[in-house]
Amino acid sequence: MEKTAVIGAGIMGRGIALVYALHGWSVALHDTSEEALEQAKSLIGTDLMLLADEGLISAAECQATLDNITPTTSLKEAVGDAGFITEAVPEQLALKWQIFSRIEAHAPATAIIASNTSTLPLSELSRQLAKPERMLITHFFNPAHLVPLVEIVRAENTPDETLTTLLNVLRQAGKIPVVLKKEVPGFIANRLQAAILREALHLVESGVASEQDIDQAVTAGPGFRWSVIGPLETADFGGLDTWQSVMKNLAPELDCTPTTPAVLKEMNRRGQLGVKTGQGFYSYPDRQTIAGKIHFRNLAFIRLLKQHRKE
Ligand SMILES: NC(=O)c1ccc[n+]([C@@H]2O[C@H](COP(=O)([O-])OP(=O)(O)OC[C@H]3O[C@@H](n4cnc5c(N)ncnc54)[C@H](O)[C@@H]3O)[C@@H](O)[C@H]2O)c1
């Protein structure tokens, strides 16, 4: 059994811990408070129960997976014998640097260190490490135990065998890793998501359609196709001559504001942060509504995952 450690037991850390524990590895899950760890373990339990209800794992696997996760408030204890360590603390460079230097001090010299950063460049993250070549980015997607994609960023001097070990770890854990050829802010998927969100916000601001209809135009249209073929293959099927005309006519019409969209800033100013404050583009009046929506979303993701695994 591989020994791994996950630092930070929030939304992403607990999901990543679950990914490795589900595949039989021993996972030390570290956070700064007992309370955060207790909450993480309880939410992991809920996720496991849904996987069992949906027949993806047995009741025995459910318990074994929980037993594979050892919560600890000691970083030293968490990384002491870990061969593979994932950092998932908040997106603040200084905090991540502080964590990395403590990992270097206490982890085996051969351990691979992976960061789950969404935006920080690998060259910045690894700058203060004694051995920067042992660090890579593994960018998971929420919920990490269900979404197959993990984007990988390697440095020029990352040894090929480190990358190969990492890819093996992720594939064995049932993930689909995609390796970037060079460092770029937002990697692949977040750049695409941000481009679509910018245009969706522009459509909201321009009063073109309701929020519900804009979302449905994606889920029932391009989103339906994209879970099977990506945008480039979709363009191939549509015909690149057609897409040349589409781009000629539409490119000048698309929003290309180089700053944060005004509607997003305004909603933040009003404290409308989405699920976490009960109001975003939609209303989430109470915890029960939110739990119900997350349950419905995860159930739909599990069904999609089952379909993926059959293919
Ligand atoms: N939320 C997402 O959808 C998402 C997706 C992909 C990547 N990410 C990235 O993953 C990372 C974590 O994001 P998140 O959404 O899980 O954040 P989060 O706030 O849900 O969780 C962060 C956790 O880190 C803990 N923490 C803070 N300081 C710590 C320390 N010094 N030592 C140990 N633990 C500490 C916090 O207590 C918290 O439990 C960020 O870099 C974020 O950009 C987030």
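The model is predicted: local features require a pLDDT of at least 70, side-chain atom pairs count only at pLDDT 80 or more, and totals for chains, interfaces and linings use all residues. Residues are numbered from 1 along each chain as its sequence is written, and side-chain values use heavy atoms, with hydrogens and water left out.

**Stop 1: the ligand and its shell**

Select the ligand and the residues around it. A residue is near a molecule if one of its heavy atoms lies within 4 Å of it. There are 21 residues around the ligand, of which Met12, Asp31, Glu91, Lys96 and Ser118 come nearest. By residue type, the shell consists of nine nonpolar, nine polar and three charged residues. In this division Ala, Val, Leu, Ile, Met, Phe, Trp, Tyr, Cys and Pro are nonpolar, Asp, Glu, Lys and Arg are charged, and the others, Gly among them, are polar.

Next, display the polar contacts (pairs of N or O atoms within 3.5 Å; within protein, one must be able to donate a hydrogen and the other to accept it, and residues adjacent in sequence count only if both atoms are side-chain atoms). At Ser118, a polar side-chain atom lies 2.5 Å from an oxygen atom of the ligand. The side chain of Asn116 places an N or O atom 3.0 Å from a ligand oxygen atom.

Colour the secondary structure, in which helices (H or I, at least four residues) and strands (E, at least two) are DSSP runs numbered from the N terminus. Helix H1 (11-22), helix H5 (93-106) and strand E6 (135-140) are the elements that give two or more residues to the shell. The largest share, three residues, comes from H5.

**Stop 2: the annotated positions**

UniProt positions are given in the numbering used here, feature names are shortened, and annotations may be inferred rather than shown by experiment. Select the residues that an unreviewed UniProt entry lists under "binding site": Gly8, Ala9, Gly10, Ile11, Met12, Gly13, Asp31, Glu91, Lys96, Ser118, Asn142 and Lys276. These span 269 residues in sequence, and their farthest two C-alpha atoms are 23.8 Å apart, so they do not all gather at one spot. Gly8 lies in the loop between strand E1 (3-7) and H1. Is Gly8 buried or exposed? Gly8 is buried, with a relative accessible area of 8%; buried means under 20%, exposed over 50%, and partly exposed in between (1.4 Å probe, protein chains only).

Now select residues 186-284, where UniProt (unreviewed entry) places the feature "domain: 3-hydroxyacyl-CoA dehydrogenase C-terminal". This stretch is 59% helix and 0% strand, and its end C-alpha atoms are 28 Å apart.

**Stop 3: salt bridges**

A salt bridge is a side-chain nitrogen of Lys or Arg within 4 Å of a carboxyl oxygen of Asp or Glu. By this rule the count is ten.

Select Lys306 and Glu54, whose closest N and O atoms are 3.5 Å apart in a salt bridge. Lys306 belongs to helix H14 (residues 287-310) and Glu54 to the loop between helix H2 (34-53) and helix H3 (59-68), so the pair ties together parts that are 252 residues apart in sequence. Lys306 is partly exposed at 28% relative accessibility, whereas Glu54 is buried at 16%.

Move to Glu266, which forms a salt bridge with Arg269 (2.8 Å, N to O). The two are three residues apart in helix H13 (residues 262-269), separated by about one helical turn. Arg269 is exposed at 62% relative accessible area, while Glu266 is partly exposed at 28%. Glu266 also meets Arg270 in a salt bridge (3.1 Å, N to O), and Arg270 is partly exposed at 49%.

**Stop 4: two buried residues**

Select Ser115 in strand E5 (residues 112-115). Ser115 is buried, with a relative accessible area of 0%, and a polar contact of 2.6 Å joins its side chain to that of Glu87.

Finally, select Leu125 in helix H6 (residues 122-125), which is buried at 1% relative accessibility. The C-alpha atoms of Leu125 and Phe100 are separated by 8.7 Å, although the residues are 25 apart along the chain.
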